[in-house]
Amino acid sequence: MTTVKKFVINTAIAIQNKYEDTKKAIIQKWEDTKTWVNDHVVQPVKNTVTKVVTTVKNEYQQYDTWKTIRNEYGWTPIGNFSQKELAYIADTGNNIETKIDVINGGYGSDWMDRYMSDVLIMKWSTFFKMDQPWTLPLPKILSPFGKSIILLPQNWENSYEKIYEKDPKIMPLTHEFGHVWDIATGHVDFRAVLISLINNKPIIGIVNGAADDLNTFIGGDIVQLNSTRMTANTGRDRIPDAYEWINGFNKDYGNNSTADYFAEGFDALINDPGTIPTSDVKQWFVDVINDETLRLP
């Protein structure tokens, strides 16, 4: 009887152990199956969905920033601009508007609409590369697109960070909008352009605009033919010593020409007025903006 009892007990234990082992094996197989499905099906689907959602979100954010730039300032970035670049452009517009608001009593947007709207912001093409920004010195009526054009190098926001010490994200672009202001107030000197072509030194300059007026105000002289505003590698225009740039965002870059003297002055007016060479030049900018505001439609 004892032997039979032991047999029954041992058999029951063996069956129980087999059951537990089988149960564990089934559970492990199930866990392995869940892991495989998660790694090869669920997670890839989640990653794809997350990627799609992130891409859509980023593209919407870029479009939203682009639309703000276009609607608020009349500037149209064309080409492959990152969200970071678009944010810098939007910051530039907001910065200019805020500072002009202070100067002319809240008419910053109206003033910008007159002197800094209808601008295309593009990058240098693959075939024509430059490592610095450039504003095409053509009035809108002569522009290929009927708008002012600012050309920027590839990865411009990163290169600026290596060159400029203070808030490099927006200052150089503000300088370019100084040129846009000058272009909006002047005209092309075609005779100087023709002479320069004959002399194999092609230049295009804007005359009788705001930069000319500032040059007259400081008593400057002109190196270039017919008062053109671009130096074309012939040396700086004759800016009086007392008015030369000695500090600022790009040190003496404003001494390169009357065009750059004016653009650098506008840049400083918006971002760091204390670097403007003299207080009367700073006041000149303020007076001109207020006078132009009074003459707005």
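How many of the residues of helix α8 are buried? The views below show a predicted model in which local features need pLDDT of at least 70 and side-chain atom pairs count only at pLDDT 80 or more, while totals for chains, interfaces and linings use all residues. Residues are numbered from 1 along each chain as its sequence is written, and side-chain values use heavy atoms, with hydrogens and water left out.

**View 1. Helix α8, residues 258-271.** In α8, 14 of 14 residues are buried (under 20% relative accessible area, 1.4 Å probe, protein chains only). Helices are DSSP runs of H or I of at least four residues and strands are runs of E of at least two, numbered from the N terminus.

**View 2. Strand β4, residues 148-152.** Both faces of β4 are covered: S148, I150 and L152 are buried on one side, I149 and L151 on the other. Strand β2 (residues 119-123) pairs with β4 in the parallel sense over five bridges, and I121 has I150 as its bridge partner. Strand β3 (residues 134-136) pairs with β4 in the antiparallel sense over three bridges, with W134 partnered by L151. Pairing requires at least two DSSP bridges between two strands.

**View 3. The largest nonpolar core.** Among its 44 residues, W75, F177, W181 and F266 touch the most other members. A second, separate core of six residues includes L120, L136, I149 and L151. A nonpolar core is a set of buried Ala, Val, Leu, Ile, Met, Phe, Trp, Tyr and Cys residues joined through side-chain atoms within 4.5 Å.

Methods: Buried < 20%, exposed > 50% of the residue type's maximum accessible area, 1.4 Å probe, protein only. Expected span 1.5 Å × (residues − 1).
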